Amino acid sequence: MAAHDDAPEGGALAAAFGAWGRLVAASWELHLLLVCGALFMLPEIPTDADVIKTALAAGVTLIAVLPSIAWRAPHLARAWFASTGGRLLVAAAVVAALSAWAAEDVVWSSAMSDRVLQLVLAHVAAILGCVAARRHPDALGSALMTVALIAAVVGVLQALGLENSLSPPPERSPSGEREIVSLMGNTNRAGALLALGVAALSAVLVLPRQGSRGPLLSALALALTTTTLVLTEGRGARLAATLGVLATVLPLLVWKPGGGAPRARPAWLWLAGALLAGVVGAVACGGTDVLLARKLPDSAPILSGEDVTTEVRLSLWRSTSAMVADAPFSGHGLGRFRAVFPDYREQAEASVVGLRGLPTAAWHPHNELLLGFAEGGLIGGGLLLLLLLLSLRRAWIVAREDRTAADLVALAVLVAGTAVGMLQDAWTSPGTALPFFAAVGYVWTPAAVGPPGAGRRTALVVALLALLCVGPMVRARLAGHWGAWRFQRIAAVEGINLENFELLTRAAAAAPRDEDLQRMLQHTGMRIMAQAPQVARQVSPHVADAVLRLETLGVADR
């Protein structure tokens, strides 16, 4: 540890903050994209928070990130699409898109728009991973540390009852306890993001950069992130974080002289101490019960698979497997999971109520590979599986041979991201998908790329076309859900009246392909007419518009 004690801790901490600031300035695109995907949150979002997060991240990408890539790193964008990883991801998306085009009675919906935006963001994140690998290898770890640390602070404040606007109160929580959602909308996504943060911070801490003057900042960040992860009581996230930490440790244990010169002696004590401090901090905030990770009250043993959350996942996997079996080669099409899944959904799972006793809708099978097979069939899902396996293999080889902190971060994020991707929507939810695909891009960066600036004109044209084609999707998603959020916030204070109801009608009109907004308009309008028949004449046309849009989408009878 003497190598880290050559300066007072205060000076080491200041130096660490200075190095972090310079890294943020040099790789602002990656930091900005991860912040938009993970840290933007509004209180009382009426529908899925990821809709706004995805649209916001896509809007920032179109306005700021893509032009920067096209001007500063067009050769690295070309390198990504020329790599095996880039080609596999493109091919998997093309297969699923062709399946949607070939399906009968397909109507373009907001769910399909979201999948397009998610794919655009995945490729942009991968390109930024290539940029990081070539120019700023520590940028991925720095960006994840920034995001995870802020999310951890918010989560701890929620655990202590000091932040109440984003976390549902106990009377609305299925467990009867205050949930630690941080800035991710629910505990599962918060736990997944924190798991990626624990994995990345472990790599940064255990193998400090050459010339590093002290691991104190990384140790504090890892301890706080671990504390919040334990407080979320997410078992899948804890498993993912554990696998990520193991992925950090194993390459250092199997490294042999001749495979690469180590930059620094592994800081095992710092790593163990930070993780232990995080667990102790969680017990101090939430008591020993948080270690049991029982999010929903149930008498079944924790590892029995009989608790509600596990039963729901197993049911979703069975139903999605039936979807795959019905269209094994063609798949059901890109973005069509939600439209097709109700025909396969098990009644017992559909009867499980959500917050406030409302019925639930299945947007995702809680397994990213199953989603790939359901949308793209055996071909599309197989391509996605091949991309995952080859990326993990390549990351392991690079981390074992080079043994740098940046390479360990990429491997740890891929392993932890794979684990949470098998349990939830971690590759489509922007908070976790963006760092995961940035790690994919990092490991597929070729050793030799074209000269800087090569293909700049073509890249600028592509960026312009993306703005023209994808921009309207972003605008519709933001306008619709922002308007619905404003309606709900105002109605919570003033009650529903014709004036704020107009906000909802404009939001639904701005996103006519959005099933959730049309149902919100329909149900709100019908409730108004039932409670105030004298205004039925003003409200009924808007309800009729919502019903007509639902019929156009083919979901009016659901």
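Is E29 buried or exposed? E29 is buried, with a relative accessible area of 7%, where buried means under 20%, exposed over 50% and partly exposed in between (1.4 Å probe, protein chains only). This is a predicted model in which local features need pLDDT of at least 70 and side-chain atom pairs count only at pLDDT 80 or more, while totals for chains, interfaces and linings use all residues. Residues are numbered from 1 along each chain as its sequence is written, and side-chain values use heavy atoms, leaving out hydrogens and water.

E29 takes part in a salt bridge with R72, a salt bridge being a side-chain nitrogen of Lys or Arg within 4 Å of a carboxyl oxygen of Asp or Glu. The count by this rule is 11 salt bridges.

| Pair | Closest N to O distance |
|---|---|
| R72 and E29 | 2.6 Å |
| D516 and R338 | 2.8 Å |

R72 is partly exposed, at a relative accessible area of 32%. D114 counts as buried at 8% relative accessibility, and R477 counts as buried at 4%. D516 and R338 are both buried. Salt bridges with shared partners also join D50, R189 and D425 into one network.

The axes of helix 10 (residues 235-254) and helix 15 (residues 368-402) come within 8 Å and cross at roughly 50°; helices are DSSP runs (H or I, at least four residues), numbered from the N terminus, and axes are lines fitted to C-alpha atoms over the stretch in contact, with angles from 0 to 180 degrees between N-to-C directions. L250, P251 and V254 in helix 10 meet W396, A399 and R400 in helix 15, contact meaning heavy atoms within 4.5 Å.

Terms used. Helices (H or I, at least four residues) and strands (E, at least two) are DSSP runs, numbered from the N terminus.
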